[in-house]
Amino acid sequence: MEERYPMRILAADLDNDAAYKLMTGIVVPRPIAWVTTLSPDGIVNLAPFSAFTFVSTDPPMLGFNVGRRDGAVKDTARNIGANGEFVVHIADETLMEPLHLSADDFPPEIGEAAALGLAVEPSTMVAVPRLAAAPIAMECVFSQSVHFGRAGAEFFVGEVRIFHIRDGLCTHGKVDTAALRPLARLAGPSYGGIGGIRHVRPNRPVTAAEPL
Ligand SMILES: Cc1cc2nc3c(=O)[nH]c(=O)nc-3n(C[C@H](O)[C@H](O)[C@H](O)COP(=O)(O)O)c2cc1C
């Protein structure tokens, strides 16, 4: 009999690197949280995180996963631990290069935003500044974090206190995805755009009297 799924990979056979490679190719495309945090010395840290989603809408809450770098805690995780605030930005396709470069391994005393020439401006409800160039910025206050697995991954959740959305991108509370042109992460140093957008009818309850 023909096998439907000829390749089988036992999870127990994968080390951390192999599982990362496989999963970042499978869970695609991923939205990207481009996160500013503030160090205790006042350095504005900037880094992208594509293990990212929202976890609640009442109140609005976002979460992203921060791994370890060679066993060491990343600046973003350390800064959130220190002052409990961060700003999540959504980058459009024009920001692909600075976004990617902001993931380089900068020492904690060098702020990625300044090093990359990205202007920041004061936030409204948190002390962490936000990126001027990003079409969307969400000021967040830390809510909780959860540790997963054996490699030190920590999922950070924050409550959004205020959304900043560039003029023309949001009408009657609805974001125009085509106008936003959000950047998505694929595997490795590969990115995608939103591509063609197709519309289907809204979902509805299915009953015996009114089947599909
Ligand atoms: C597009 C993109 C997405 C990334 N997503 C994640 C992620 O979800 N979790 C993570 O720990 N690192 C992720 N990284 C790597 C971090 O951005 C990188 O380790 C960064 O240097 C961390 O910076 P920090 O030490 O200033 O916090 C990603 C890198 C890129 C380019």
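Which residue in strand 3 is the bridge partner of W34? The bridge partner of W34 in strand 3 is P48. This is a predicted model, in which local features need pLDDT of at least 70 and side-chain atom pairs count only at pLDDT 80 or more, while totals for chains, interfaces and linings use all residues. Residues are numbered from 1 along each chain as its sequence is written.

**Strands 2 and 3**
- Strand 2 (residues 33–38) runs antiparallel to strand 3 and is joined to strand 3 by six bridges; strands are DSSP runs of E with at least two residues, helices are runs of H or I with at least four, and both are numbered from the N terminus.
- The two strands form a hairpin with five residues between them, and G42 in the turn has a positive phi of about 85°.
- V44, L46 and P48 point one way from strand 3, whereas N45, A47 and F49 point the other way, and all are buried (20 or more other C-beta atoms within 10 Å of a residue's own, C-beta atoms being placed from the backbone).

**Ligand surroundings**
- The ligand is surrounded by 18 residues, and the closest are A47, K74, D75, T76 and A103 (C-beta atom, placed from the backbone, within 6 Å).
- Strand 3 (44–49), strand 5 (60–66) and helix 2 (75–83) each give two or more residues to this shell.
- The largest share, four residues, comes from strand 3.

- An open sheet of three strands has the order 1-15-16 with antiparallel pairing, where pairing requires at least two DSSP bridges between two strands.
- Strand 1 (30–31) and strand 16 (191–192) stand at the edges, each with a single partner strand, so one side of each lacks a neighbour in the sheet.
- R30 has R185 in strand 15 as its bridge partner.

Technical notes
A residue is buried if 20 or more other C-beta atoms lie within 10 Å of its own, exposed if 12 or fewer, and partly exposed in between; C-beta atoms are placed from the backbone.
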